[in-house]
Amino acid sequence: MLNVYKKYAILILTAWMLVFAGMCATFAEAADAVGKFTAVEGKVDILKGGALPGVPAQAGDSVAVKDIIRTKSDSKAEIVFNDNNILRVAQRSRVDISEYISGTKGVIKLPRGTVEAVVQKKLAGLTSASDAHRFEIQTPNAVAGVRGTDFFVTHDKNVTGVIVKEGVVATFNPKFP
């Protein structure tokens, strides 16, 4: 009879350990999140940590550093970061969340496509000259660093374009800083 109680005790203890491990993983994912999708239209996928395969993104899904977001034709997405910065991703784009520390530093890589960034004014002071309060979008041949609040960056066929809707954005070629 005592052996039966030991078996049940071991089973119950194992079950509680699995539940606790699952809760820890959920809390760790939430702690690593730097933002979340607030809108997704069409086919948008996310490569968590840059790993294949991509999974379909949905509104409410979290975004973390090292995640890659890809939009297909006739698709778009909006990400709101924890510091209320907004990144709108146009169709046929790829965005790599390279670095992100809420309220301090955001480095977004744009290998292809178009994004609009709406950045809080508290991050609008400095660019890559200092790591403090930095928000920039990097394409393969240009860097657009925030000196304002609302701008677009596009990259296609080795050509980068920057359109400033409001504020000032400093740009440079990283090969010729």
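Keep in mind that the model is predicted.

Some overall numbers. The protein has 177 residues, and 37% of them are buried. Its accessible surface comes to about 10,200 Å². Carbon and sulfur atoms account for 61% of that surface. Now contacts. Take those between residues at least 6 apart in sequence: 48% of them join residues at least 24 apart.

On to charges. Side chains of opposite charge can pair when their charged atoms come close. How many salt bridges does the structure hold? Ten. I will go through three of them.

Start with Arg88 and Glu78. Their closest N and O atoms are 2.8 Å apart. Where do the two residues sit? Arg88 is in strand β7, residues 86–89. Glu78 is in strand β6, residues 76–81. The partners are ten residues apart, and the pair links distant parts of the chain. Are they buried or exposed? Arg88 has 31% relative accessibility, so Arg88 counts as partly exposed. Glu78 has 19%, so Glu78 counts as buried. The cut-off for buried is under 20%, and Glu78 falls on the buried side at 19%.

Asp96 counts as buried because its relative accessibility is 15%. Arg94 is partly exposed, with a relative accessible area of 25%.

The salt-bridge criterion is within 4 Å. Which strands does this pair connect? Glu99 belongs to strand β8, residues 94–101. Arg134 belongs to strand β10, residues 134–139. They lie 35 residues apart, so to speak of this pair is again to speak of distant parts of the chain being linked. Glu99 is partly exposed, at a relative accessible area of 32%. Arg134 counts as buried, with 9% relative accessibility.

One last item: the network. Which residues do salt bridges with shared partners join? Glu78, Arg88, Glu116, Asp150 and Lys165, in one network. Glu78 and Arg88 take us back to the pair I opened with, the one at 2.8 Å.

To recap. The structure holds ten salt bridges. Arg88 with Glu78 spans β7 and β6. Glu99 with Arg134 spans β8 and β10. And five named residues, Glu78, Arg88, Glu116, Asp150 and Lys165, share one network.

Key
Residues numbered from 1 in each chain as written. Predicted model: local features only at pLDDT ≥ 70, side-chain atom pairs only at ≥ 80, totals over all residues. Heavy atoms only, no water. Buried < 20%, exposed > 50% of the residue type's maximum accessible area, 1.4 Å probe, protein only. Contact = heavy atoms within 4.5 Å. Areas by Shrake-Rupley, 256 points an atom, 1.4 Å probe, with all protein chains shown as cover. Salt bridge = Lys/Arg side-chain N within 4 Å of Asp/Glu carboxyl O. Helix = DSSP H or I, 4+ residues; strand = E, 2+ residues; numbered from the N terminus.
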